[in-house]
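Please look over the model below, and keep it in view while reading the report on its inner spaces.

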Amino acid sequence: MKIIYVTTELSTGTGGGERMLYNILSKINLSRFSPVVVSLMDRGIWGDSIEALGIPVHTLGMKAGQPTLEATWQLIRTVRQHNPDLIQGWMYHGNFAAQLAGAFLFKKTPILWNIQCSLDSLTQLDNKMTATIVKSCAYLSRLTSKIVFVSQTSKVQHEALGYCQKKSYVIPNSCDTSLFKPLLEAKSSVRSELGLSENTLLIGLMGRYHPMKDHTNFLQAAAILLKEYSHTHFLLAGSGVNPENHTLQRLIEDLKIGDRIHLLGHRSDMPRLNAAVDIATSCSAFGEGWPLVVGEAMSCGVPCVVTNVSDSASIVGNTGRVVPPQNSEALAQAWKELIDIGSKGREALGKSARARIIEYFSLDSVVDQYEALYESVLSQNKLFEKFVVNLGR
């Protein structure tokens, strides 16, 4: 079965949507499925990784917010050239482009969408074009075969915006538990890299710099915690989370916590960094779907403190702490609780966290769900074609 994945981009440093696409492609059964990837923008950091799997990658070179007629025709030509059995859109703009390209095929081709985020309100979106795409897709959703949401919260929110309820389907995100796993040596090597003693307590926040991730909340909570737990250090990694970020640096200076904060920027050793921290954090204010950073930390055997956004609470279960978003006092209090239970208590929670990811969110089971959905949709499409042929006789 030939599948074309039309994705918005492959370039966001630690963006979960792009990473999840790679995760699926790394495990999909290539003897049954022949994937091809089309990125509306560039190859980013994932293009080479996907091609290394033996999967072709096409790029259209669009600039953010600047669609062109030339790129649109290139998309249509590329999709026609591959003559897919099924098209899988990926993220809002990719979904819209997939629907557009499918309209120009010479045969009825199932088109599926994938939505990676939650959306309380259109006002959360950072530009007018994205808002227009989201509203347009609400009308177009009746034409799709299925809309895959990565969380129940996202499904309910989009249905409230007009997305077709009958087409809704939920498949969670997941991570590779063989890659993200407990690594005892990571604790000492990362602390050595940061110039810290081996018994330094380290709290982590992985994620790109974006208002949604609420780094301000994290740093304000760090300042609160340091009043009582002055030896704690904080590790932050992700695109734009580096010493050159003047907004972050100004806030860190204002809070007078610079000697406890480590801004590492984009890193390729996320399994090692995740395994090194004692407590992981997702303090997003809005917009998360199924945050990969939570699953990856849990898979590394690290207890998490998460904000009650989208399905984060149900992912963590009783293996961590859940706090309201944009509440630094609550975030600091949850960290205190996990510090006070000691290393043995955190280790026990971490083991439960990893077991929970393996039992409910393994990458193999998630890929199985995608494969089963593709085969089901294609089977229904063939039945429909057969019905139409018989009708014409």
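Predicted model: local features only at pLDDT ≥ 70, side-chain atom pairs only at ≥ 80, totals over all residues.

Which residues line the second largest cavity?

Residues are numbered from 1 along each chain as its sequence is written, and side-chain values use heavy atoms, with hydrogens and water left out.

The second largest cavity is lined by Gly204, Leu205, Met206, Asn274, Ala280, Thr281, Ser282, Val293, Val294, Ala297, Cys304 and Val306. Among the elements that give two or more residues to this lining are β8 (202–206) and α11 (292–299), helices (H or I, at least four residues) and strands (E, at least two) being DSSP runs numbered from the N terminus. A cavity is a set of points on a 1 Å grid over the protein atoms alone where a 1.4 Å probe fits but cannot get out, and lining residues have an atom within 4 Å of a point. The second largest cavity has a volume of about 50 Å³, a volume being the space filled by probe spheres set on the points, which are joined across faces, edges and corners.

The largest cavity has a volume of about 60 Å³, and its lining includes Lys213, His215 and Glu288.

## The second largest pocket

A pocket is an open set of points with protein on both sides within 12 Å along at least five of seven lines. The second largest pocket, with a volume of about 490 Å³, is lined by 23 residues, of which Leu184, Lys187, Gly301, Ser343 and Glu347 lie nearest its centre. The largest share of this lining, seven residues, comes from α14.
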